[in-house]
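Subject: The model we talked about, with notes

Hi there,

Here is the structure I promised to pass on.

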Amino acid sequence: MLTEWLTYIAADCTPPARKLGYLRESIAIRSRYRRCKTAWQPHLENSRAALLASLQACDNFRTALVFGSGLLLDIPLGELARRFENVYLVDVVHLPEVRRAVRRHANVRCIDLDVTGFIDHMDELTPERLDLPPPERFLDEPGIDWVASVNLLSQLPLLPQDWLRRRFHELDEATLETWGTKLMRQHLDYLAAFAAPTCLLADMEQVVHDGDGKIIERIDFASLLALDDTAQEQWRWDIAPAGEIAPATSSFHRVAAHIRY
Ligand SMILES: C[S@@+](CC[C@H](N)C(=O)[O-])C[C@H]1O[C@@H](n2cnc3c(N)ncnc32)[C@H](O)[C@@H]1O
């Protein structure tokens with residue numbers, strides 16, 4: 001608890017990222033990782049392997065752009081730093097230990113950015129006008145030779161939806177859900193707009209089940225976002241083994257790697 005509080009005080013983080021809860025969430029992910037290290041290990045290894053395998057699609061190795069770099073748990077940072085001239089790590093929040101790890105590589109940079117543009121536009125939104133302009137940052141930057149979106153897609157709407165719920169009580173859940181789906185689709189369109197190979201690591205589904213394996217809740221992102229569900233590179237992320245959220249409740253994500261050449 002004390003470590004978490006100290007990180008919260010010490011972190012170099014923009015005021016909106018604090019206000020919206022991104023810093024709190026990042027610290028919570030770190031704590032959950034520490035509790036669930038063994039259960040998470042296969043997912044982290046699969047993620048790193050899929051990212052490295054996708055580099056086969058690259059002809060040039062000038063700049064690597066990584067969206068959702070977070071705690072760097074699932075990012076093969078040393079290998080990326082070795083192979084690319086520059087590595088840009090993009091996330092709303094970079095905790096102090098991430099900044100320290102990055103300082104070991106002269107060619108790696110942390111870029112604090114909300115890839116959806118929500119933070120830049122949230123004060124202009126009204127219940128009638130919730131649309132965000134499509135993100136464009138980096139699209140015209142020369143030298144981007146590889147783009148990765150790392151276990152980020154399903155997270156994109158969550159904190160913005162919380163903020164919209166608090167700010168506009170009149171918004172119903174169906175509207176918020178449709179809005180969230182649109183935000184995720186915009187991210188997919190954004191990735192598709194890069195003239196470079198991309199590697200998307202994303203949840204195909206999220207499942208919560210009880211001790212007998214009976215499904216309590218399921219979100220089917222593959223259908224919602226029309227993701228290709230035939231990808232060979234798929235695995236299970238035991239994000240919350242029994243005891244993590246409740247004594248007899250567990251949760252896993254089915255994750256897939258989508259590589260576009
Ligand atoms: C489940 S974590 C991904 C795991 C991360 N690669 C790691 O190793 O810690 C999701 C990450 O997405 C980031 N994130 C969520 N919404 C974002 C946004 N709109 N723009 C940029 N990053 C965002 C979070 O801060 C978090 O670090």
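To start with a question: is R236 buried, exposed or partly exposed? R236 has a relative accessible area of 44%, so it counts as partly exposed; the classes are buried under 20% relative accessible area, exposed over 50% and partly exposed in between, with a 1.4 Å probe and protein chains only.

Two words on the basis. This is a predicted model, in which local features need pLDDT of at least 70 and side-chain atom pairs count only at pLDDT 80 or more, while totals for chains, interfaces and linings use all residues. Residues are numbered from 1 along each chain as its sequence is written, and side-chain values use heavy atoms, with hydrogens and water left out.

Salt bridges

R236 pairs with D238 in a salt bridge, their closest N and O atoms lying 3.0 Å apart. The term stands for a side-chain nitrogen of Lys or Arg within 4 Å of a carboxyl oxygen of Asp or Glu, and the count by this rule is 15. D238 is partly exposed as well, at 25%. One network, joined by salt bridges that share partners, takes in E205, R218, D220, D229 and R254.

Helices (H or I, at least four residues) and strands (E, at least two) are DSSP runs, numbered from the N terminus. Both R254 and E205 are buried.

Another salt bridge joins E173 and R165 at 2.8 Å, N to O. Here E173 is partly exposed at 41% relative accessibility, and R165 is partly exposed at 32%.

A bent helix

Do have a look at helix α3 (residues 22–54). Its 33 residues would reach 48 Å in a straight helix at 1.5 Å a residue, but the end C-alpha atoms are only 28 Å apart; the expected span is 1.5 Å times one less than the number of residues. At K37, α3 bends by about 95°, the angle between axes fitted to the seven residues ending there and the seven starting there.

N151 belongs to the loop between β4 (144–150) and α7 (158–167) and is buried at 15% relative accessibility. A226 is in the loop between α9 and β7 (234–240), and at 66% A226 counts as exposed.

F221 is in helix α9 (residues 221–224) and is buried, at 5% relative accessibility. F221 and D203 are 18 residues apart in sequence, with 6.7 Å between their C-alpha atoms. A101, in helix α5 (residues 96–103), is buried at 16%. Its C-alpha atom is 9.9 Å from that of L71, 30 residues away along the chain.

Best wishes
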